[in-house]
Amino acid sequence: MEKVAEANFPSKFGNFKIYGFKAKSGKEYVVLGKNVEDDSIIPIVRIHSQCLTGDALGSLRCDCGEQLQETLKLIEENGRGLLIYQPEEGRGIGILNKLKAYELQDRGLDTVDANEELGFKADLRSYEECAQIISHFGFREIKFISNNPEKIKAIENMGIKIVERIKLKFEKNEFVKNYLEVKKKKMGHLF
Ligand SMILES: [Zn+2]
């Protein structure tokens, strides 16, 4: 894992640094950091999986956009933290396959069944590289925003201690309620 760029990143959520990382696999990561060197504060960390439709286009089919914005607000409030933007659209199947899955969902399949119908496992993401990035910043203890047991496992395997798991709170519209229900039942997410 190599850091290839670092720059100031003023945003509507606060002043951050933006980093570019390149993994040995060739995968490229964008990371936002806040006061990463300040040892007096335990950092808040989130691994956010890319979701073009939710993050940038205001989709109500998922809660990704809200999670992203809430995370940046929390990191700003906490005064220290890291957001790793994981470049794995649609749980790793790519944007066009994600749109095909939406098409299947419109015909009544849930998110997991739709991915399987397209010939993919429910979730193709892996989190080792994200854990390497957290390690790169020297964090030994973090507060982690996630309900995903796979992410938690990857971080703990790197020897990083999760001292607190933070839940994000926001209004759920009817599309999202259904989507979260499937995450809980079929993917073991913790709510
Ligand atoms: Zn999404």
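Mentor: A residue is buried if 20 or more other C-beta atoms lie within 10 Å of its own, exposed if 12 or fewer, and partly exposed in between, with C-beta atoms placed from the backbone. This is a predicted model, where local features need pLDDT of at least 70, side-chain atom pairs count only at pLDDT 80 or more, and totals for chains, interfaces and linings use all residues. Residues are numbered from 1 along each chain as its sequence is written.

Trainee: Where in the protein chain is confidence lowest?

Mentor: Confidence here is pLDDT, the predictor's own score for each residue, from 0 to 100. The chain's mean is 90, and 95% of its residues reach 70 or more. Strand β1 (residues 2-11) is highest at 98, while the lowest mean, 74, belongs to helix α7 (residues 174-187).

Trainee: How many helices and strands does the protein chain have?

Mentor: Helices (H or I, at least four residues) and strands (E, at least two) are DSSP runs, numbered from the N terminus. Along the sequence they follow the pattern β-β-β-β-α-α-β-α-α-α-β-α-β-α. The protein chain has seven helices and seven strands.

Trainee: Why are the buried residues of α5 on the same side?

Mentor: The buried residues of α5 are Cys130, Ala131, Ile133 and Ile134. Look at the directions from the helix axis to the C-beta atoms. They are on the same side of α5 because they cover an arc of only 155°.

Trainee: What do the buried residues of α5 pack against?

Mentor: Two residues are in contact if their C-beta atoms, placed from the backbone, lie within 7 Å. Take Ile134: leaving aside neighbours within four places in sequence, its contacts include Val45, Leu82 and Ile155. As a group, the buried residues of α5 pack against β2, β3, β4, β5, β6 and α6.

Trainee: Which residue just after α5 takes a positive phi?

Mentor: Follow the chain just past the end of α5 in your viewer. The phi there is about 80°, and the residue is Gly138.
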